[in-house]
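Biologist: I am new to this structure and would be grateful for a close look at a single part of it, followed by its setting in the chain.

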Amino acid sequence: MDNSPVPKPVPDPLKKPYADPAEADLRASDADRERVAEALREAYAEGRLTAEEHGERVDAVYAAKTLGELVPLTRDLPSHHATHQGMPTAGAAAAAPRPAPSPGRSALPSRSEPESMVAIFGGAERKGRFRAGRMLKAVAIFGGVEIDLTEAVFDAPELEIHCTAVFGGVEIKVPEHVTLRGGGAGIFGGFDVRRQESPDPHGPVVTIKGAAVFGGVEAKRRKPSKLAARARDKARKFLDAGEG
């Protein structure tokens, strides 16, 4: 009878778990969270995640207590293997090459917009997936300007929007993963910037400045869809149950 030890099967690299199950309960470090957040930022820039999906996952990243909670957040992304396998050190992660965009797909949308929006006795609107630069000027005179940044791709860490509303209005909507700051002068009008801090400390910052004369400027976070809200509630309940 052959008593030689039975060789262990060679694991299939395509089926290898991205984090050792034995380490799933280990506490996640700030460096671990940053690696996952960076992978999510790249996926959003490549168009693999919507603005709502990106915001939801970033919220979950910074709420994660263990390595096991981080793994599912990038499981459906190409960068998952590099992000999670063995949870490399910060130096190794920084040296690793970033994943290339999918063939036939540019990393950023080609659509770029001018730096000025003017509405005089009319309206101007900007929304959808476009490249947001560093500066934007919005002028509404007896008219209205609407800027929806919920699907925009931010080329720079900060976008500054200068608003001028004279007998008109400027409305700005931002996604949840963006930090919103600023304020301006309201002269027989209103200038309302509903400040919010992003859960991602490295997320883009939108700063609103300007004045409203017999008009109004409003900047606020866009409310998530009912489906996104339900998904977030389930995720938070799951995290709470894990803590218990």
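How many residues does helix H2 have, and how far does helix H2 reach from its first C-alpha to its last?

Modeller: Helix H2 covers residues 51–63, which makes 13 residues, and reaches 19 Å from its first C-alpha to its last. That is close to the 18 Å expected at 1.5 Å a residue (the expected span being 1.5 Å times one less than the number of residues). Helices (H or I, at least four residues) and strands (E, at least two) are DSSP runs numbered from the N terminus.

The model is predicted: local features need pLDDT of at least 70 and side-chain atom pairs count only at pLDDT 80 or more, while totals for chains, interfaces and linings use all residues. Residues are numbered from 1 along each chain as its sequence is written, and side-chain values use heavy atoms, with hydrogens and water left out.

Within H2, the buried residues (under 20% relative accessible area, with exposed over 50% and partly exposed in between, for a 1.4 Å probe and protein chains only) are Ala51, His54, Gly55, Arg57, Val58, Ala60 and Val61. In general, residues three or four places apart point the same way, because an α-helix has 3.6 residues a turn.

Glutamate 53 also belongs to helix H2; its 33% relative accessibility is why glutamate 53 counts as partly exposed. A polar atom of its side chain lies 2.9 Å from the backbone nitrogen of threonine 50. Between the C-alpha atoms of glutamate 53 and leucine 40, which are 13 residues apart along the chain, the separation is 9.5 Å.

The setting of the helix may now be considered.

Elsewhere in the chain, the whole structure holds 4 aromatic pairs (rings of Phe, Tyr and Trp, the last by its six-membered ring, with centres within 6.5 Å; planes under 30 degrees apart count as stacked, over 60 as edge-to-face and the rest as tilted). Phenylalanine 142 and phenylalanine 167 form a stacked pair, 5.0 Å centre to centre with 5 degrees between the planes. Phenylalanine 142 is in the loop between S4 and S5 and phenylalanine 167 in the loop between S7 and S8, 25 residues apart. Phenylalanine 142 is partly exposed at 42% relative accessibility. Phenylalanine 188 and phenylalanine 214 are likewise stacked, at 5.0 Å and 5 degrees. Here phenylalanine 188 counts as exposed at 67%, and phenylalanine 214 as partly exposed at 43%. Ring pairs link Phe121, Phe142, Phe167, Phe188 and Phe214 into a cluster.

As to confidence, the chain averages a pLDDT (the predictor's confidence in each residue, from 0 to 100) of 75, and 68% of the residues score at least 70. Over residues 8–19 the pLDDT is below 50, and over residues 86–110 pLDDT stays under 50.

Definitions and conventions. Contact = heavy atoms within 4.5 Å. Polar contact = N/O pair within 3.5 Å; in protein donor to acceptor, adjacent residues only side chain to side chain.
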